[in-house]
Amino acid sequence: MRNVLRGVNRILLALVGLILLVAGGSVLAVGLGANPPSWWVYGSRHDVLLSHAQRTRWRADGWWWPTVIAVLAVLVLLALWWLAAVLRRRRLAEVLVDTRDGEGARLRGGALEDVFADQTSRLDGVARARVRLRGSRGAPAARLRLLLEPHVDPGTTLQDIATGPLAHARDSAGLAELPTEIRVRAVKHRAERVS
């Protein structure tokens, strides 16, 4: 999902940049004296993008200003949402490991996530496991999303995770504790027919 969001973000940024570059370049070129094609929005250096008649065309109508304000408000909200999504750090980049020599070490958060998810997905009945680290470098917390097979007892699986992959991740990072939120879903399957 993260790669999809990253791809959409790059495509949107590229489109906005291209539109702004073409619009600004065309205004600059015509302002410097280039002759635009006959189908272009404006034709000479002294021409305006929108004439007075075009700018005031719907001003007297009652729906015009509420529509303009609503469209601009939606655009501002979308821009703020996009900015918040870009600036928000969803993952913990690194975890500080106490090496007991006064120096310490840094463990990549992605490496710890990958190992934790890989060991969890190897457990019996776990179809898929995804791990995300949150919190601070000195006190990380994990969010684990599990997709379980229909035949598995969730309580047993949670116990296996606590004594296996979670304990291993906590010990290998040298952490006293690793608070973990686990969300469990079951694989969708057809109902079994009894005859």
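**Charged pairs and aromatic rings**

R170 has a relative accessible area of 23%, so it counts as partly exposed. That value, like every other here, comes from a predicted model. Why is 23% not called buried? Buried means under 20% relative accessible area, and exposed means over 50%. R170 falls in the partly exposed class.

R170 and D171 form a salt bridge. Their closest N and O atoms are 4.0 Å apart.

What lets such pairs form? Side chains of opposite charge can pair when their charged atoms come close. The cut-off for a salt bridge is a nitrogen within 4 Å of a carboxyl oxygen. By this rule the structure has eight salt bridges.

One of these joins the side chains of R137 and E94, at 2.5 Å from N to O. Where do the two residues lie? R137 is in the loop between strands β3 (126-135) and β4 (140-148). E94 belongs to strand β1, residues 94-97. R137 itself is partly exposed, at 36% relative accessibility.

Move on to E181 and R183. Their side chains also meet in a salt bridge, with 2.7 Å from N to O. E181 has a relative accessible area of 28%, which means it is partly exposed. R183 is partly exposed too, at 42%.

A pair of aromatic rings is described by the distance of the centres and the angle of the planes. How many aromatic pairs does the structure hold? The count is two.

Start with W63 and W64. Their ring centres are 5.9 Å apart, and their planes meet at 80°. Planes over 60 degrees apart count as edge-to-face, so the W63 and W64 pair is edge-to-face. The other pair is W64 with W65. Here the distance is 6.3 Å centre to centre, with 65° between the planes. W64 and W65 are edge-to-face as well.

W63, W64 and W65 form one aromatic cluster. How open are these residues to the surroundings? W63 is partly exposed, with a relative accessible area of 44%. W64 is partly exposed at 21%. W65 is partly exposed at 44%.

Notes
Residues numbered from 1 in each chain as written. Predicted model: local features only at pLDDT ≥ 70, side-chain atom pairs only at ≥ 80, totals over all residues. Heavy atoms only, no water. Helix = DSSP H or I, 4+ residues; strand = E, 2+ residues; numbered from the N terminus. Buried < 20%, exposed > 50% of the residue type's maximum accessible area, 1.4 Å probe, protein only. Phe/Tyr/Trp six-rings, centres within 6.5 Å; stacked < 30°, edge-to-face > 60°.
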